[in-house]
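Q: I would like to learn how to read charged side-chain pairs in a model. Where should I start?

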Amino acid sequence: MPETDFGFITQESHCFSCGSVNLLQYWKTYDQLEKYARGGTHLVEWKKFNQSVGTNGTVGIYHETYMIQPGQYECIYGNMPKFGLAKAGTHIPAVGRMETSRRRMGGDNDPAVPTPKNR
């Protein structure tokens, strides 16, 4: 999904058997996320939620915000489609120079286990 001009990159929805739904979003910058949250449709719906649900306990909400500096994170997905942080960024195979976490973070070491062979 191409990045939008207001900073939203992508999202993932997760539904669980207990009736809960989680929505995970990735934004280009914190400032763009904050601007979206404090204006437009989101602000209108936020006000409606507070008026209709408020603190009556029928719906629980939470949010967590993480600010990650460029080059200061790494993630690996084995035998998976683009998902989560990999969907929001560039997906690079974890082979060669990118084979270990330390190498992906700019350091150097040897792999702890042999790289699996393609079947």
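A: Start with exposure: a residue is called exposed when its relative accessible area is over 50%, buried when it is under 20%, and partly exposed in between. Keep in mind that this model is predicted.

Q: At 59% relative accessibility, is R38 buried or exposed?

A: R38 counts as exposed, because its relative accessibility is 59% and the cut-off for that class is over 50%.

Q: What does the R38 side chain meet in a salt bridge?

A: Side chains of opposite charge can pair when their charged atoms come close. Here R38 forms a salt bridge with E34, at 3.6 Å from N to O. E34 is partly exposed, at 30% relative accessibility.

Q: How many salt bridges does the rule give?

A: The count is five salt bridges. Another one of them pairs D108 with R97, at 3.2 Å from N to O. D108 lies in the segment after α4 (101–104) and R97 in the loop between α3 (85–88) and α4, so this pair ties together parts eleven residues apart in sequence. D108 is exposed at 59%, and R97 is partly exposed at 44%.

Q: Which side chain does R103 meet in a salt bridge?

A: R103 meets D110, with an N to O distance of 4.0 Å. R103 is buried, with 14% relative accessibility, whereas D110 is exposed, with 65%.

Conventions
Residues are numbered from 1 along each chain as its sequence is written. This is a predicted model: local features need pLDDT of at least 70, side-chain atom pairs count only at pLDDT 80 or more; totals for chains, interfaces and linings use all residues. Side-chain values use heavy atoms; hydrogens and water are left out. Buried means under 20% relative accessible area, exposed over 50%, partly exposed in between (1.4 Å probe, protein chains only). Helices (H or I, at least four residues) and strands (E, at least two) are DSSP runs, numbered from the N terminus.
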